[in-house]
Amino acid sequence: MVSQERTGVVTFKGNPVTLIGPEIKVGDVAPNFKVLANDLSEVTLDDTKGSVRIISVVPSLDTGVCDAQTRRFNEEAAKLEGVHILTISVDLPFAQKRWCGAAGIDKVQTLSDHRDLSFGTAYGVVIKELRLLARAVFVIDQNDKVVYAEYVPEIAQHPNYEAAIGAAKKALQ
């Protein structure tokens, strides 16, 4: 099976890139995926079944905007009881663990999609030209329905934090 390719969705430093995978929309059933935790154990969407999830997707934790995005969601996580916040990138699990320790990140779970790009292809965020994930945010409710989806148009820019957090709070009600 050939994965779907989408162009004209996002740019990286002003240059258009190709995304691999389908566009996930509000109302869709959230696709399952298999990624790696910092200890190399496998993690799937089903592991947080029954809870509201914010999935923060970043190209690499070792860049300024990705660092700031993950720190922001870590701060918000402390205020959002009942919401699991997952940050997914293709950084190696060892690098994610090191970064979290250095940055004091303890509320967000960082997960690596480096092995299979399982998450990236399921959610349509794999950048074909770079083998990185495009910046995006998805909010998934307790019933695995997507209630918020944002593909950030310019990868070097921040997502709409307030909209994502608002969607998560609404899903909790």
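**Close-up views of a predicted model**

**View 1. Residue C66, listed by UniProt for "active site".** The unreviewed UniProt entry lists C66 under "active site". The model shown is a predicted one. C66 is placed in helix α1. With a relative accessibility of 0%, C66 counts as buried, because buried means under 20% relative accessible area. Leaving aside residues up to four places away in sequence, C66 touches V58, P59, S60, L61 and R135.

**View 2. Helix α1, residues 64-79.** This helix is made of 16 residues. From its first C-alpha to its last, helix α1 reaches 23 Å, which is close to the 22 Å expected at 1.5 Å a residue.

**View 3. The buried residues of helix α1 and the elements they pack against.** The buried residues of α1 are V65, C66, D67, Q69, T70, F73, N74, E76 and A77. Among the elements that the buried residues of α1 pack against are the strands β5 (52-57), β6 (83-89) and β10 (136-140). The buried residues of α1 also pack against the helices α2 (93-103) and α4 (161-172).

View 4. L40, L92 and F94 make a nonpolar surface patch of about 300 Å². One of these residues, L40, is found in the loop that lies between β3 (34-36) and β4 (42-44).

Conventions:
Residues are numbered from 1 along each chain as its sequence is written. This is a predicted model: local features need pLDDT of at least 70, side-chain atom pairs count only at pLDDT 80 or more; totals for chains, interfaces and linings use all residues. Side-chain values use heavy atoms; hydrogens and water are left out. Helices (H or I, at least four residues) and strands (E, at least two) are DSSP runs, numbered from the N terminus. The expected span of a helix is 1.5 Å times one less than its number of residues. Buried means under 20% relative accessible area, exposed over 50%, partly exposed in between (1.4 Å probe, protein chains only). Contact means heavy atoms within 4.5 Å. Patches are made of residues with over 30% relative accessible area and no salt bridge: like charges are joined within 9 Å, nonpolar side chains (Val, Leu, Ile, Met, Phe, Trp, Tyr) within 5 Å. Accessible areas come from the Shrake-Rupley method with a 1.4 Å probe; for residues, only the protein chains shown count as cover. A salt bridge is a side-chain nitrogen of Lys or Arg within 4 Å of a carboxyl oxygen of Asp or Glu. UniProt positions are given in the numbering used here, feature names are shortened, and annotations may be inferred rather than shown by experiment.
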